[in-house]
Amino acid sequence: MHGIGVVDEAGRLRLLGTAVAGAAFALVLTMLVTSSFWTATPQLLVSVGLPAALLGAGIAGWLQLRSWRAAGGYEQVVMVERWVTERRVPAEVPAEIWVPRLQAQAEQQVGGWGKIVLCVFWTAMTWSMRDQHGTVITLLLLGLWVGLGLWSALWVIPRARVARDMLRQGVVAHD
């Protein structure tokens, strides 16, 4: 894949998970919107929901590949993730390499908090419309919002904080 490099088994699983999440989001969103106008039936699910899910999977996969490409390739993303997990950057890596990559990781904290705020509003909105959309769609949406919020709270924000702390310590150590 051009600009992405070699993707290992973990990367392929991540890409698959991203596609599944994109499909789920598109399916639930499509069924939510269409159920406002028509009764949700198996025919509607197959004729409208399934194509939307396929489109959502494709878009999510494309966005993941684009993200890896923008970060310098899959190998570079894994390398930065390893630095954050180990809470250290190897001494042989020059500052002009590790500083911008850790800054990009640290900046994800703002996006993580934004997702949590949106999830709170979307959860409240979904719950307020539970009579209109029925139990199944309400539960699917609530699961989607809670999952997105938990992902941000348990993965994105903590890793961004570690990257920010590493930058602070690295800048102090290198001055």
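## Pocket, salt bridges and a surface patch

The lining of the largest pocket divides into 21 nonpolar, 13 polar and five charged residues. Here Ala, Val, Leu, Ile, Met, Phe, Trp, Tyr, Cys and Pro count as nonpolar, Asp, Glu, Lys and Arg as charged, and the others, Gly among them, as polar. This is a predicted model: local features need pLDDT of at least 70, side-chain atom pairs count only at pLDDT 80 or more, and totals for chains, interfaces and linings use all residues. Residues are numbered from 1 along each chain as its sequence is written, and side-chain values use heavy atoms, with hydrogens and water left out.

**The largest pocket**

- The largest pocket has a volume of about 1,500 Å³.
- Its lining has 39 residues, and Thr18, Gln64, Ser67, Lys115 and Trp151 lie nearest the centre.
- Two or more lining residues come from each of α1, α2 (42-70), α3 (74-86), α4 (95-106), α5 (108-128) and α6 (130-174).
- Helices (H or I, at least four residues) are DSSP runs, numbered from the N terminus.
- A pocket is an open set of points on a 1 Å grid over the protein atoms alone, where a 1.4 Å probe fits, with protein on both sides within 12 Å along at least five of seven lines; lining residues have an atom within 4 Å of a point.
- The volume is the space filled by probe spheres set on the points, which are joined across faces, edges and corners.

**Salt bridges**

- The structure holds four salt bridges, each a side-chain nitrogen of Lys or Arg within 4 Å of a carboxyl oxygen of Asp or Glu.
- Glutamate 9 pairs with arginine 12 at 3.0 Å, N to O.
- Both residues sit in helix α1, three residues apart, about one turn of the helix.
- Glutamate 81 and arginine 14 form a salt bridge at 2.9 Å, N to O.
- Glutamate 81 is in helix α3 and arginine 14 in helix α1, so this pair ties together parts 67 residues apart in sequence.
- Glutamate 81 is buried, at 17% relative accessibility, whereas arginine 14 is partly exposed at 29%.
- Buried means under 20% relative accessible area, exposed over 50%, and partly exposed in between (1.4 Å probe, protein chains only).
- Aspartate 165 bridges to arginine 164, with the closest N and O atoms 3.8 Å apart.
- Shared partners join Arg164, Asp165 and Arg168 into one network.

**A nonpolar surface patch**

- Phe25, Leu29, Val33, Phe37 and Trp38 form a nonpolar patch on the surface, with about 540 Å² of accessible area together.
- Such patches take residues with over 30% relative accessible area and no salt bridge, nonpolar side chains (Val, Leu, Ile, Met, Phe, Trp, Tyr) being joined within 5 Å and like charges within 9 Å.
- Accessible areas come from the Shrake-Rupley method with a 1.4 Å probe; for residues, only the protein chains shown count as cover.
- Leucine 29 lies in helix α1 (residues 9-35) and is partly exposed, at 36% relative accessibility.
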